[in-house]
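Below is a short note for a colleague who has not seen this model before. Please read the points with the structure open.

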Amino acid sequence: MSRIRCFVQILSLIFIMIIQIGESRSDENEWHYGSTLFGKLKYGPDFDHYDHVNVNAPKGGTLNQAAVGGYDSFNPFVVRGRPAAGLNYQGGLLYDSLFTKSVDQPSTSYGLIADAFRFADDYSWAVYRLNPKAKWHDGQPITPEDVVWSMQMLRKVHPLWSRYYENIERVEITGEDEVTFVFDQKNNRELPTIIGDLPVLPKHWWSSKDNEGKSRDITQPLKESPLGSGPYRIGKFTMGKSITWERVKDYWGTEVAAQKGRYNFGQIHYTYFLDPNATWEGFKKGGIEDYRIENRSQRWARSYNFPAFRRGDIERKEFPKSGSEVFQGYFINTRNAKYQDRRVREALTLLFNFETMNKNLFYNAYTRTDSFFEGGELQSKGIPKGRELEILEHYRGKIPDELFDQEFVIPNYSKPGSFRTAQRKALKLFMEAGFTFKAGKMLDKYGEQFTLEIIGNNPTDERIANPYFDNLRTLGIQPNLRILDTAQYKNRLDNFDFEVTGSATIQSLSPGNEQREYWSSNATKTPGSSNYSGISDPVTDDLIEKIVSARDREELVHLTHALDRILKWQYYAIPQWHNPKLRLAWWRKIQFVNPQPASVGVDIYSFWIDAEIENALGKQN
């Protein structure tokens with residue numbers, strides 16, 4: 001009897017597994033209005049608008065914004081040039097994409113230019129169906145030909161898109177309003193979904209001649225206003241100094257669920273300044289910058305005491321964030337020979353005293369970042385075990401031995417004497433790497449003093465660098481900070497012409513193809529990539545590809561833990577800090593619904609302008 005009961009239990013388990021597998025697969029003929037890489041979609045098929053928007057919000061008014069530096073191009077899809085504010089490699093205000101990323105649920109998208117998609121059971125292909133209402137600003141419909149051309153061109157002109165979509169074998173028009181994407185691999189759960197991120201460009205416009213009779217070239221920076229499909233078009237502009245975006249009154253996507261109640265500003269006007277401090281002064285004065293996300297804790301704590309704030313014309317608030325945190329740090333360029341020794345990079349990390357900086361500069365407002373996947377279940381912790389350990393064992397001998405039996409811990413210098421201990425360890429690491437400490441200088445084998453240069457594009461970088469430089473000097477290291485204008489800075493970054501730079505990586509809660517852009521060997525060699533540290537490691541490359549093709553969420557988490565742990569133990573970047581809250585200050589003419597989506601902090605494009613208050617403030621200023 002017990003054997004029969006056991007047999008029945010086994011059959012029941014098998015039946016349950018079959019049901020679960022069946023539920024995890026998609027019917028190839030089923031059209032999906034949205035996609036999410038884990039969990040369930042927040043909104044059902046009757047999705048009409050986001051919870052945090054006001055569908056009756058008035059349209060109009062001007063949102064004033066300040067930008068730093070300048071711009072020289074309206075083509076954001078090439079490495080060369082500096083695109084105008086409002087444009088980015090994902091399209092910005094001008095171009096719509098096939099699907100649009102949700103602003104209140106991570107790793108989720110809903111239909112836009114395409115109203116639905118379907119995909120193979122083995123994830124080997126995906127079909128996107130275009131919304132028949134989708135059109136360009138000149139009234140012409142967005143066609144499958146536009147989609148195919150956009151995929152071809154973007155993969156050609158920008159390294160990010162070429163890596164992001166490198167597993168697409170071919171793109172075919174398979175219906176009057178359908179485009180099929182065929183992949184060169186199976187069981188990559190992410191591929192069918194990320195096709196929706198594709199910004200769609202107007203083939204007919206780019207293939208025609210400009211007003212001077214010259215052929216347009218998408219591989220080059222652009223000086224004329226391009227044709228788009230998004231909620232705004234370019235209005236007046238003075239190249240490099242200002243640009244005004246005008247709301248498209250007959251925007252085709254106004255009633256699309258993910259756009260409804262959003263993009264309410266009649267105009268968005270950007271004014272450029274060379275000095276970031278000038279943007280702060282413009283904000284206080286009014287009519288130049290209508291809101292600012294405040295990233296300076298000292299200013300937030302002590303400087304909001306000016307007249308407009310005291311009389312109530314400016315309000316401010318901290319908004320909670322629940323999504324993954326941006327990794328911010330000093331990226332060490334290992335393309336430079338003197339940074340190729342891991343012991344040197346670890347020593348430089350030990351000399352970064354966050355606790356003292358947080359106390360003296362930041363009013364203890366920040367939390368130290370200790371993961372490249374900070375926030376949520378993707379960051380590695382403790383000592384590896386279980387499935388993660390199995391993954392790492394495959395690379396034993398090719399990765400640091402310490403990571404198998406030691407927890408990676410960013411030093412905490414809160415206790416008296418703790419930093420002195422770290423200094424001694426840093427000195428020991430330099431000695432082990434072949435350096436000598438003589439007459440107060442850290443000398444290499446040729447007797448040359450060790451120097452370190454950080455490049456930045458903001459004068460406030462000095463405030464952060466100086467305390468770190470003081471610590472470097474105690475070990476005989478000669479540091480230097482080079483502040484560049486935005487054009488020089490971008491050029492140096494694009495060509496990896498730097499030793500160390502402060503930058504950031506933005507991680508999703510469902511990592512995939514974009515990891516190639518951050519850490520892969522191919523990205524190391526490609527100008528304009530985000531592999532600032534110059535990582536060129538077969539182990540990292542292999543892990544990235546395994547992440548891309550992870551069979552399920554559980555395996556993805558284990559693989560990401562392994563990647564995170566290796567990146568940390570290799571000391572490719574010096575982690576800085578993050579703020580679990582978003583600090584926003586705004587002139588009271590700006591209105592919005594509370595609460596705002598915690599996954600992003602605030603959705604700026606759900607805001608609107610109160611015309612009466614705007615007029616009153618205009619007379620006042």
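1. Helix α18 covers residues 538–548, and its buried residues are Val 539, Thr 540, Leu 543, Ile 544, Ile 547 and Val 548. An α-helix has 3.6 residues a turn, so residues three or four places apart point the same way. The cover over the buried residues of α18 includes α11 (386–393), α16 (514–519) and α19 (553–569). Bear in mind throughout that this is a predicted model.

2. Another helix, α13 (residues 418–432), contains Gln 423. Is Gln 423 buried or exposed? Its relative accessibility is 8%, so Gln 423 counts as buried, the cut-off being under 20%. The side chain of Gln 423 has a polar partner: a polar contact of 3.0 Å links it to the side chain of Thr 474. Leaving aside residues up to four places away in sequence, Gln 423 touches Leu 351, Thr 474 and Leu 475.

3. The largest nonpolar core has 77 residues. Which of them touch the most other members? They are Leu 98, Tyr 128, Tyr 165, Phe 181, Ile 195 and Trp 245. Helix α2 (residues 144–157) contributes the largest share of this core, with seven residues. There is also a second, separate core of 40 residues, which includes Phe 372, Phe 404, Ile 410 and Trp 569.

4. Strand β4 (residues 108–111) pairs with two strands that are worth checking in the viewer. Strand β1 (residues 34–36) pairs with β4 in the antiparallel sense over three bridges, and Gly 34 stands opposite Tyr 110. Strand β3 (residues 99–101) also runs antiparallel to β4, joined to it by three bridges; here Thr 100 stands opposite Tyr 110. Between β3 and β4 lie six residues, and the two strands form a hairpin. In the turn, Ser 107 has a positive phi of about 55°.

5. On the chain as a whole, the model has 20 helices and 25 strands. The radius of gyration is 26 Å, close to the 25 Å that the globule rule gives for 621 residues, so the chain is as compact as a globular protein of that length. The C-alpha trace spans about 90 × 75 × 55 Å along its principal axes.

6. Of the 621 residues, 54% count as buried. The chain exposes about 27800 Å², and carbon and sulfur atoms supply 49% of that area. Among contacts between residues at least 6 apart in sequence, 72% join residues at least 24 apart.

How values were computed: Residues are numbered from 1 along each chain as its sequence is written. This is a predicted model: local features need pLDDT of at least 70, side-chain atom pairs count only at pLDDT 80 or more; totals for chains, interfaces and linings use all residues. Side-chain values use heavy atoms; hydrogens and water are left out. Helices (H or I, at least four residues) and strands (E, at least two) are DSSP runs, numbered from the N terminus. Buried means under 20% relative accessible area, exposed over 50%, partly exposed in between (1.4 Å probe, protein chains only). A polar contact is a pair of N or O atoms within 3.5 Å; within protein, one must be able to donate a hydrogen and the other to accept it, and residues adjacent in sequence count only if both atoms are side-chain atoms. Contact means heavy atoms within 4.5 Å. A nonpolar core is a set of buried Ala, Val, Leu, Ile, Met, Phe, Trp, Tyr and Cys residues joined through side-chain atoms within 4.5 Å. The radius of gyration is taken over C-alpha atoms; the globule rule is 2.2 Å times the number of residues to the power 0.38. Accessible areas come from the Shrake-Rupley method with a 1.4 Å probe; for residues, only the protein chains shown count as cover. Two strands pair if DSSP finds at least two bridges between them.
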